[in-house]
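I opened my notebook for a first look at this model. Here is what I looked up, entry by entry.

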Number of protein chains: 2
Amino acid sequence: MFCYIIGCLPQILKMRKPQTTIIDLAKILKVSPSTISRALNDSPLISSEKKKQILELARSMNYLPNQLALSLFNKRTKILGVIVPEITSYYFSTAINGIQDMVADYGYKLMISQSNESYSEEVRLLEAMNLVRVDGFLISPSSNTTEFDHFKKVKDYGVPMVIFDRDCQGFDVDKVVVDDYAGAFQAVDYLIKTGCKRIAHISGPENLSTARHRKEGYIDALKINKIKILEELIVFGENSSSETGVACMIKLLASKQIPDAVFTYNDAVAIGAMQVIREKGLHIPGDISLVGFDDEPYSAYFNPALTSVWQPVYDLGMLSAKILLNHLESDKVTNGFRFETLKPELVVRETSKSIF
Amino acid sequence: MFCYIIGCLPQILKMRKPQTTIIDLAKILKVSPSTISRALNDSPLISSEKKKQILELARSMNYLPNQLALSLFNKRTKILGVIVPEITSYYFSTAINGIQDMVADYGYKLMISQSNESYSEEVRLLEAMNLVRVDGFLISPSSNTTEFDHFKKVKDYGVPMVIFDRDCQGFDVDKVVVDDYAGAFQAVDYLIKTGCKRIAHISGPENLSTARHRKEGYIDALKINKIKILEELIVFGENSSSETGVACMIKLLASKQIPDAVFTYNDAVAIGAMQVIREKGLHIPGDISLVGFDDEPYSAYFNPALTSVWQPVYDLGMLSAKILLNHLESDKVTNGFRFETLKPELVVRETSKSIF
DNA sequence: CTGTTAGCGCATTCAG
DNA sequence: CTGAATGCGCTAACAG
């Protein structure tokens, strides 16, 4: 679709208070706009006397340089576009945190939007931000994004971009992800070492690379420990909410032989599962061990405190932003793409037994 | 401080791929740029034949209108500046959610930043966003902001703004807040009705209007029920984290006579408090009732499930944005300021006893 | 219907 | 050291 933003059409609007420009200053001081510009930009090509005078007037008249004009001229806005599936989650908001902290010192602002896990919304946002001429993109694709032409189009347009957290297989750009496989493997291997033999897995949306990798880690940990993989012990949640955790756990407990451990896609799911287990009158970790993923701040305060796989999300944001900044602030032509993987870490708490 | 963004200074930078402009199109088709512009904007002042031809070429050349040029011309960017204390909290990210949902249909984009509860950072962000010429501001001030000249300066500059969640007393703008007083009153009144007589309060940062109002609600609920207010039962947390909840609860349990209920500034604090109570071997709500504030999604899954005061945060964001849009999209000159108050609601769960 | 002109606010050549 | 001219990409008022 080729369309133009409605807002651009002419329309009567409340006129904003006119703001002082370098031309205003120039007229008052009876000098040329160039001179004003030079003074404001601390150019050496101006007498310090005039400079002082100009700066003073500028201050007194509340002069503010217009970034729009600057951006138009410089062909760079110093704005970065950030698109995440949802901003409400601790995970992504922490990543954004990292991005902002990395980027602030370089004078970049963030334009942030959430796709709400919707592909079409993601496309819309991407295009809108591209029209604003953001200098680059930091994107974590929606779970319903299976085709990457929209990304490719923007990239080919010359806008640098970094994909983070969720991989887009088959689309070549810089990417930063967490080693979900390793995290899952570690978690399940640990469960096995504590004596669990019938370990279930509540997986996430199948389309998510993170969900797939965690499932693979789970499967390989079982394999390497010579434990049979049972289809009935793997259930798939539609999303990663606590409600989904509830539904999936109910399903798992409905079978004749219940699991002695559950490794969930993330903490939210684990929390839902925990409630179901509790209500069934089963003991954690006595009857069933439970391990989550993400290590959200609340997880440590659950009763019992949740064993979980901590992810370096803040660093994820930082590194993604850093890579993007590299593209933006250096002249080096990039050869190939970076694919960075950050290591997660198992945090053992009370929902899992200990290894003797 | 009067300063210029470093990024504006001339610097060698990797030239971005030149993008097609209406002038390019004009040259190719040998017509004037105005004609191109008219075609692109679906003006009636053009032959449908030419229009079709132009649109086709534009599409094939991946033409995208440059919002910067447009914004410079229209004196409006269709970008709204959002400043919140922290983006990581469920509370503010949900408010942002509401803002975005309200604003999306009107074609506005969001520039979001967090002040990290720092006054100076807030000032910095505000100024940077103002330079970008955002059309308006949605701000929840940092807890360390006690003086509002920076807001006033921007407002006087002609940029509309709405303050939300946290009030700035003495500064007149449109504001949208939640009735913290009523929420707190309801919670504490309820605790009293369940038989609690020695109700403690863990308050938030004293500078926060929300913390003050919740404390006042607590106090008035006691008063109206003729319960004596005891200084020793009110402790102040430096911030609103779970760690603070832990620290404050330890303090409360150290006194000779422990409370039979605790009303906390928010859920995060309550969670910390809950852990301390549990570790002391006390029963909730048997020995101590516990009520939080915010009703975060996890609170329902705690063990026992947390009684809390739900806040209409999403609506808070929506309404704030709506008010700002009113300023932006209508010609009506505003007389006075709106002060909207949203009603919170007590959600009773397991950490409080029931009323017989 | 179409082209020309001017200007949004600024920086940067190029002449003086 | 300073000013005049030019252009960033686009629209709108004004002629034709």
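This is a predicted model: local features need pLDDT of at least 70, side-chain atom pairs count only at pLDDT 80 or more; totals for chains, interfaces and linings use all residues.

**Loops and a turn of the backbone.** I looked up A:N116 for its backbone: phi is positive, about 55°, although the residue is not a glycine. Most residues other than glycine have a negative phi, and most peptide bonds are trans.

I then went to B:K226, in the loop between α9 (209–224) and β7 (234–236) of chain B. Its phi is positive, about 60°, and it is not a glycine. B:K226 counts as exposed because 7 other C-beta atoms lie within 10 Å.

**Cis peptide bonds.** I checked the bond from A:I284 to A:P285 and found it cis, with omega near 5°. A:P285 sits in the loop between α11 and β9 of chain A. In chain B, the bond joining B:I284 and B:P285 is cis too, with omega about 0°.

**Helix α9 of chain A.** How far apart are the end C-alpha atoms of this helix? They are 22 Å apart, which agrees with the 22 Å that its 16 residues should span at 1.5 Å a residue. Its buried residues include A:H213, A:R214, A:Y218 and A:L222. The buried residues of α9(A) pack against α8 (180–193), β6 (199–203), β8 (261–264) and β9 (289–294) of chain A.

**Domains of chain A.** I noted three: domain 1 (21–65), domain 2 (74–177 + 313–341) and domain 3 (180–312). The C-alpha centres of domain 2 and domain 3 of chain A lie 30 Å apart. Between them, 13 residues of domain 2 of chain A are in contact with 10 residues of domain 3 of chain A. On the domain 2 side of that contact, α12(A) gives the largest share, four residues. That side divides into five nonpolar, four polar and four charged residues.

**Two chains together.** I laid chain A on chain B: a turn of 180° and a shift of 0.0 Å along the axis give an RMSD of 0.1 Å. That is the relation of a two-fold axis. In chain A, the C-alpha nearest the axis belongs to A:M111, at 2.2 Å. How many residues of chain A are in contact with chain B? I noted 62 of chain A, in contact with 62 of chain B. The chain A side has 31 nonpolar, 21 polar and 10 charged residues. I also saw that 98% of the interface residues of chain A are interface residues in chain B as well, so the copies meet through the same surface.

**Cores.** The largest nonpolar core has 90 residues, and A:M111 is among those with the most contacts inside it, as is B:L138. Not counting residues up to four places away in sequence, B:L138 touches residues including B:L80, B:V82 and B:F164. Apart from that core lies another, of 86 residues, with A:I199 and B:L233 among them.

Terms used:
Residues are numbered from 1 along each chain as its sequence is written. Chains are lettered from A and ligands numbered from 1 in the order in which they are written. Copies are superposed by least squares on the C-alpha atoms of residues with pLDDT of at least 70 in both. Two residues are in contact if their C-beta atoms, placed from the backbone, lie within 7 Å. Domain bounds come from an automatic or database domain assignment. Helices (H or I, at least four residues) and strands (E, at least two) are DSSP runs, numbered from the N terminus. Ala, Val, Leu, Ile, Met, Phe, Trp, Tyr, Cys and Pro count as nonpolar, Asp, Glu, Lys and Arg as charged, and the others, Gly among them, as polar. The expected span of a helix is 1.5 Å times one less than its number of residues. A residue is buried if 20 or more other C-beta atoms lie within 10 Å of its own, exposed if 12 or fewer, and partly exposed in between; C-beta atoms are placed from the backbone. A nonpolar core is a set of buried Ala, Val, Leu, Ile, Met, Phe, Trp, Tyr and Cys residues joined through C-beta atoms within 7 Å.
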